[in-house]
Amino acid sequence: MNTITKDTQFIAPTYTRADVVFICGKGSRLWDESRREYLDFSSGIGVNSFGSADPEWLAAVTAQAGGLAHISNLYYTEPCADLAELLCKKTGMAKVFFANSGAEANECAIKAARKYGQRLGGAPDGVTCNTIVTLNNSFHGRTLATLAATGQPEYHKHFHPFPSGFISVPANDIDALCSAFDAYPTCAFMFECVQGEGGVNTLSALYLQDAQQLCSERDILLICDEVQTGNGRTGTLYSYEQFGISPDIVTTANGLGGGLPIGAVLFSEKTAGVLTPGTHGSTFGGNPVCCAGALSILRRLDEDFLASVRAKSEYLRTALAGMPCVTGLSGLGLMIGVSVACNAKAAAQKCLSAGLVILTAKDKLRLLPPLNTPQSDLDAGLAILREVLGAC
Ligand code: PLP
């Protein structure tokens, strides 16, 4: 039985996969089972920060796997402590909780906000100040709570009832945010600076600064979801740095592990003491192999490297803006949304057939190439895109 037949027979049909079986990769290149080569402008949805089989990441992960792959959170391990220290040093945050995915990082942030809100409301049963306000078009995960936080109703059908205490409002509308805070006993405002799955929509910096002001006046926590935007993807270590805000909680995942599953929740001084022993946990969270891989990524995300991400972004944007069929560009850094006059999904499929792996978000093409994609591979990917869009 070949892989596609076997997958179709035995995997629960939750994904619509493209007709390709990838078997290996190197940097920003991938190969399928017939040894056909592809350029990778997806990095596994912003996960493979340094592409596939990055030598430094591979060495860190294999060395750790050969020593201690797992031990549980009943004990300490060095990679876990080192990664938390580096995250705090680079961001100025005070403490970290490690999870396994973006949704789990957001679940942890939601729990922490609810607990913080309980203190605020003063009610021992926590019925006050428990609402999390999010934005229309946001995406925060697929667990019930993070789906409830996700401001895209099309994801909600089939799964009611959801945990209560979530409301979403239009983005970039400070009056709508203020009205929600007035109407609901709110403990947190949760957002992505660039909405990824919602269509690569960059929020207004002024809006986020006003939102921060509003939140600080009412002691409402600012939770920045950096699951997709974080770890250098947008040209700074975390995207919020470009918006002039300082979140109370930051969640991240995708690019942090460089290819292995890890999520992290960063707590500021204000929120560092909210979660106490027994209030949260994760069997795999802080797994030493994932942390060793993440350390090898995070260590390299220095100012020079981030400047190179911004330069690659400028290069891609200039080239994309001049392409046929392109009607607009959005996003930040190497998280680029491309509005096209044709059907984006069909164009992405044509790119795949022509040897370029590319994503979509809503009705846009979405580019998330590895952060270290060499110039020659940027050019080769752009050439395919130009040809496909020219024929659309
Ligand atoms: N938050 C954002 C902004 C995301 O883009 C995603 C995934 O795409 C998630 C949360 C959920 O992450 P995961 O799929 O790792 O649970």
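## A buried glycine in a loop

Buried here means under 20% relative accessible area. Gly51 has a relative accessibility of 4%, so it counts as buried. Keep in mind that this is a predicted model.

Where does Gly51 sit? You'll find Gly51 in the loop between helix 2 (43–46) and helix 3. Leaving out residues up to four places away in sequence, Gly51 touches Gly27, Pro370 and Asn372.

Next up is Asp377, which belongs to helix 12 (residues 375–390). Its relative accessibility is 6%, and because the cut-off for buried is under 20%, Asp377 counts as buried as well.

Which side chain does Asp377 pair with through a polar contact of 2.7 Å? That partner is Ser28, and the contact runs from side chain to side chain. Setting aside neighbours within four places in sequence, Asp377 is in contact with Ser28, Arg29, Leu39 and Phe41.

## Helix 9, wrapped up

Helix 9 (residues 288–298) is largely enclosed by the rest of the structure, because eleven of its eleven residues are buried. If you want to pick them out on screen, they are Pro288, Val289, Cys290, Cys291, Ala292, Gly293, Ala294, Leu295, Ser296, Ile297 and Leu298.

What covers these buried residues of helix 9? The cover includes helix 3 (55–67), helix 4 (78–91) and strand 4 (95–99). Have a look at the start of helix 9 as well: there, a side-chain oxygen of Asn287 comes to within 3.0 Å of the backbone nitrogen of Val289.

## Helices 7 and 8, side by side

Now for a helix pair. Helix 7 (residues 174–183) and helix 8 (residues 205–218) have axes that come within 10 Å and cross at roughly 20 degrees. Angles under 35 degrees count as roughly parallel, and helix 7 and helix 8 are therefore roughly parallel to each other. Their crossing is right-handed.

Which residues make the contact? From helix 7 come Ile174, Leu177, Cys178, Phe181 and Asp182, and they meet Tyr207, Asp210, Ala211, Leu214, Cys215 and Arg218 from helix 8. Sorted by type, the contact residues of this pair are eight nonpolar, three charged and no polar.

Notes: Residues numbered from 1 in each chain as written. Predicted model: local features only at pLDDT ≥ 70, side-chain atom pairs only at ≥ 80, totals over all residues. Heavy atoms only, no water. Axes fitted to C-alpha atoms, helices over the stretch in contact; angles between N-to-C directions. Helix = DSSP H or I, 4+ residues; strand = E, 2+ residues; numbered from the N terminus. Parallel < 35°, antiparallel > 145°, perpendicular 65-115°, else oblique. Left-handed = near helix turned anticlockwise from the far one by under 90°. Contact = heavy atoms within 4.5 Å. Nonpolar A, V, L, I, M, F, W, Y, C, P; charged D, E, K, R; others polar. Buried < 20%, exposed > 50% of the residue type's maximum accessible area, 1.4 Å probe, protein only. Polar contact = N/O pair within 3.5 Å; in protein donor to acceptor, adjacent residues only side chain to side chain.
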